[in-house]
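Please describe this structure for someone new to reading protein models. Keep it short and go chain by chain.

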Amino acid sequence: MSHYIPPFHEHDLDPVEGRTNLIQTAPTYSELTETVAHPIEHPNNKIWWIFFMGALSLLGLFGISVAYLLWEGIGIWGNNVPVGWAWPIVNFVFWVGIGHAGTLISAVLFLFRQKWRTSINRAAEAMTIFAVICALSFPAIHVGRIWLMYWPLPLPNQMDLWPNFRSPLLWDVFAVSTYFTVSLLFWYVGLIPDIATMRDRSKTAIRKIAYGVLALGWRGSHRHWVNYEAAYLLLAAMATPLVLSVHSIVSFDFAVSQLPGWHTTIFPPYSVAGAIFSGFAMVLTLMIPLRVWFKMEHIITIKHLENMAKIILLTGSLVGYAYAMEFFIAWYSGNPYESFAFVNRAFGDYWWAYWIMLTCNVVTPQFIWSKRIRRSATALFILSIFVNIGMWFERFVIVATSLHHDFLPSSWGYFTPTMWDVATLLGSFGLFFTLFLLFVRFLPLIALSEIKSILPQANPHYKAPKTGGDSVSKSATGVVESREDVPVRKAPRDTDSVSAKVVVSDASQAIDVRPPPDKGGGQDPPEGKTDASADKATEDEAEAEKADAKKAKAEKGDAFTFKPPATAKSGDKPSDDGEEG
Amino acid sequence: MAKRNKAYGLLAEYETTHDLYEACERVRDAGYGAWDAHTPFPVHGLEKAMGLRPSIIPWIVCVMGFSGAALGFLLQYWTSAVDYPLIIAAKPFNSYPAFVPVTFECGILFGCFGAVFGMFGINRLPTLYHSLFNSERFLRCTDDRFFIAIEARDPKYDREKTRELLESTGALAVEEVDE
């Protein structure tokens, strides 16, 4: 049972809902807990430290760049008239965009009842928070005099002045800080039950105290869960318009101005699509190596990657449409400045940046139409890197090309970054990866309580057979949910490996036992074969079996032989034989 | 066990959500009030089996969200049109269309505070100590086991009868937990 992961089966169906199971290995609850807790409790320190040292070095570079900036002023960057907004704002918009996928996965997919979100939402939310931290640091240092950062806040001050609420830059302050706060709360609320799991597994005093305090004394009470779920649903319902508003407001920074190239009404939707596009690309960039590193390929399956790839394809195509529409409007408006701005964008001084952007953002995602590519983790990883690069260039193109040719040719210029621009950008990646590596080292990467709740056996209508264990038989007499007309087979369904295959229908309840691989013809028999061998195993239930054949559910590759309950191995853990009196 | 002087109540352990669901229905029908189910994840529909009323969180969020939006608008109106009116870009002092984004963000922010801190308040979190943490087997509550706890303070609580009821619901084990 070590790490065999059977390939995807179309017929791995949920016995109650009849839909394809997301977690194909049919793990038990405790197996999931083990998988998720493993990287925290038995970290592969060597690899982690290598990555962490790398990230920390980049973070050091960020620290040095920011320190030098504060000492010397923003003259160390390449920003200058006419390109007054350059890399810092490009980086800000880039990081905010990346920060959109987390909330989209958590909130929008939650509202749409997309269960596949549960495997990736925790990591994506963490990514969101860290990306927004990186994003917030750029406007903060871009103001130059960081000690006056409090000016945009409506605080009473000695000048008796208030901020100008008609400015999109001020809307930005409110939007991004609200987004950060809400994302953080959403993430933390989701983490509470999983931190409680870590608390209950803790062996050392430090962990017990740390996780214990963070878990707030969570004890899985259903009276709590009712309020918890209501709060979570409402957070999702509020975060959905929030996530759409945040990037719209960020794009207002540009769209509300009077500058050709920025002053377009398409900006808000186009920026939101771009943000989701880049955010999902970053999720893929992070999750594809992580799922291999932490042996979570059965939790974050190819199906999950494929779903994300489809969203990338959709939003990438939306972005491509927006690029085309900008050109159409530039021509259709009849405004010579507007037309010039866009011709200059594609064929002017920054033509190279424009075509990098177009190739990465419009051409690259089209490969996802191919099923082979979107089901290949390696191909998706490479694609996602291109999308990340492309989306950075998109913001660069918007900022730099619109500014560098001002209305008068005498004020034309060309922006070139300095080494400090590059150092700050690289450093921000250091900040991001340092935080992310700390997260994967100390907090559960997968939303455990959520992923457990999408397992078939989590549904109270899923009737599992009773175990052959002693503790059950001594207390369960008379209330077993068996029906008299169908004989209930007792299969040893212990908590460490569910080996019995369970098929439930309205009419009858039957247990289907997966034969050992040699008997069933290989580890993954096709549907017909599963049925045939199932009949062999449960001859007396052949009729009921056939009715349910379409719901047959293949199981894990572990060899398992069906035994009568008397000789079945006991499923009890030592803690189960506790006192009864 | 001899040292026990006061009991918090009885704790029954179940292996599946199905067993728990049916057991909850039995406990509910027996008329208990001070009891609870403890699960590693939200078991959907269990509130019906337990006879719980819907959460009041939506009302808190509604009130908080709208007050947040109102406060956000008032802040902008008061600072721009009352306390220090300034003519900016020839706009009216109360240029309310420009105040929409901040009003909206304040509404969302306060609504989320209402959801999260309202949930903490109703659930009385943080409660770092709870009697159930005295039980060894309760550690699996956050892993893979399901529990019902009936508290001793319930008027219908009777050490023997309650234990019989819980044992008859298919519990793997029933245990008395210290206060």
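This report covers confidence, then each chain, then the place where the chains touch.

## Confidence

This is a predicted model. For the complex, the predictor reports an ipTM of 0.94 and a pTM of 0.81.

Chain B has an average pLDDT of 91. In that chain, 97% of the residues reach at least 70. Helix α4 of chain B (residues 100-122) has the highest mean, at 96. Strand β4 of chain B (residues 173-178) has the lowest, at 90. A caution applies to any predicted model: where pLDDT is low, the coordinates should not be read in detail.

## Chain B

Chain B contains 5 helices and 4 strands. Read from the N terminus, its elements follow the order β-α-β-α-α-α-β-α-β.

What radius of gyration does chain B have, and what would a compact globule of 179 residues have? Chain B has 25 Å, while the globule would be near 16 Å. The C-alpha trace of chain B spans about 80 × 35 × 30 Å along its principal axes. Of the 179 residues in chain B, 48% are buried. Take the contacts in chain B with a separation of 6 or more: 83% of them join residues 24 or more positions apart.

## Chain A

Chain A has 20 helices and 2 strands. It has 581 residues, and 49% of them are buried. Among contacts in chain A with a separation of 6 or more, 79% link residues 24 or more positions apart.

## A closer look at helix α3 of chain A

Helix α3 of chain A covers residues 87-98. Its 12 residues should span 16 Å at 1.5 Å a residue. The end C-alpha atoms are 16 Å apart, so the two values agree.

Is this helix enclosed or open to the outside? In α3(A), 12 of the 12 residues are buried, so the helix is largely enclosed by the rest of the structure. The buried residues include W87(A), F92(A), F94(A) and W95(A). N91(A) and G97(A) are also among them.

## Where the chains touch

In the contact between the chains, 70 residues of chain A meet 70 residues of chain B. On the chain A side, the elements giving two or more residues are α1 (29-41), α6 (168-201), α7 (205-214), α8 (222-255), α16 (448-453) and α17 (470-475) of chain A. Helix α8(A) makes the largest contribution to that side, with 16 residues.

What kinds of residues make up the side of chain A that touches chain B? That side has 32 nonpolar, 25 polar and 13 charged residues.

Terms used
Residues numbered from 1 in each chain as written. Chains lettered and ligands numbered in written order. Predicted model: local features only at pLDDT ≥ 70, side-chain atom pairs only at ≥ 80, totals over all residues. Expected span 1.5 Å × (residues − 1). Buried ≥ 20, exposed ≤ 12 C-beta atoms within 10 Å, placed from the backbone. pLDDT = per-residue confidence, 0-100. Rg over C-alpha atoms; globule rule 2.2 N^0.38 Å. Contact = placed C-beta atoms within 7 Å. Nonpolar A, V, L, I, M, F, W, Y, C, P; charged D, E, K, R; others polar.
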